[in-house]
Amino acid sequence: MIRNNNIDYNQVIGIKEAEKILEILKRHYPGIFDGLKIKYGDYYCYDDDRHIVYIQWDVDLTEEDMIRENAVIDIMNKKYGLNLGYSKREKSVHAFLHELGHAADLSYKKAFGQYDEYIESEENDKIVFESKKHAYFNMRYELDEIYDEIIELNPIGNEIKIAELKEKREMLETEMEEVAKELDIEYREIITEKAADKFSADLLKGLCRGLI
């Protein structure tokens with residue numbers, strides 16, 4: 001990826017820059033973002049009831065955060081032909097534009113009288129996704145039990161049992177990694193998430209390509 005030397009890729013975008021981006025988009029999407037506020041929160045999200053986009057102070061706060069956020073970048077690159085890297089700058093720009101995508105998407109649905117039906121479709125997608133995620137957390141619970149059992153066993157005289165548990169642990173970890181990747185992809189196919197991703201991708205290819 002060609003880097004812009006005037007951009008600090010180790011920093012997420014903050015409120016001031018986010019507000020500047022919003023002001024530019026307001027001129028291209030008249031009425032859609034009117035009254036929208038941007039605030040700091042625990043995670044990136046759009047509050048539909050209060051018309052607020054929340055952004056984070058930082059990304060990659062934990063190893064699990066980094067894995068999942070890298071997966072999002074991989075999915076965006078593959079699906080939309082982007083060339084995003086794993087920097088904090090690129091992750092935060094996409095995350096912010098994605099939340100603006102939710103705001104635009106839901107505002108359009110309200111304007112055209114499609115909101116209730118659209119949210120019902122979203123809920124149906126989420127029910128299917130949550131059932132699959134529940135299976136993943138059952139696997140995680142099983143993995144925790146294996147770890148506890150290995151710790152509790154005295155190595156003396158239990159080498160065979162411990163070896164069996166470690167083999168089972170490795171197989172389960174591999175399976176969980178594959179399931180997590182599938183969940184990352186399937187989450188982004190939820191109807192509202194797909195729309196917000198496309199909004200972000202279109203901006204990153206066009207109007208907002210200079211941000212990264």
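What volume does the second largest pocket have? In this predicted model, the second largest pocket has a volume of about 560 Å³. It is lined by 22 residues, and those closest to its centre are R68, E177, A180, K181 and D184. Three elements, namely helix 2, helix 4 and helix 5, each give two or more residues to this lining. Helix 2 gives the most, with eight residues. Sorted by class, the lining of the second largest pocket holds 13 charged and nine nonpolar residues, and no polar ones.

The largest pocket comes next. Its volume is about 1,300 Å³. Its lining is made up of 39 residues, with Y44, R68, V72, Y187 and R188 the closest to the centre. Two or more lining residues come from each of strand 2 (45-47), helix 2 (63-80), helix 3 (88-111), helix 4 (115-152), helix 5 (159-187) and helix 6 (191-205). Of these elements, helix 4 gives the most to the largest pocket, with nine residues. By class, this lining has 19 nonpolar, 15 charged and five polar residues.

Attention now turns to the aromatic rings. A pair of such rings is described by how far apart the centres are and by the angle of the planes. The structure holds six aromatic pairs. One of them joins Y29 and F33: the ring centres are 6.0 Å apart and the planes stand at 75°, over the 60 degrees needed, so the pair is edge-to-face.

Taken together, Y29, F33 and F199 form one aromatic cluster.

Finally, two lysines lie over tyrosine rings. K109 is placed over the face of Y118, at 4.3 Å from the ring centre. K110 lies over the face of Y115, and here the distance from the ring centre is 5.1 Å.

Key:
Residues numbered from 1 in each chain as written. Predicted model: local features only at pLDDT ≥ 70, side-chain atom pairs only at ≥ 80, totals over all residues. Heavy atoms only, no water. 1 Å grid on protein atoms, 1.4 Å probe; cavity = no way out; pocket = protein on both sides within 12 Å on 5 of 7 lines; lining within 4 Å. Points joined across faces, edges and corners; volume = space filled by probe spheres on them. Helix = DSSP H or I, 4+ residues; strand = E, 2+ residues; numbered from the N terminus. Nonpolar A, V, L, I, M, F, W, Y, C, P; charged D, E, K, R; others polar. Phe/Tyr/Trp six-rings, centres within 6.5 Å; stacked < 30°, edge-to-face > 60°. Lys NZ or Arg CZ within 6 Å of the ring centre and 35° of its normal.
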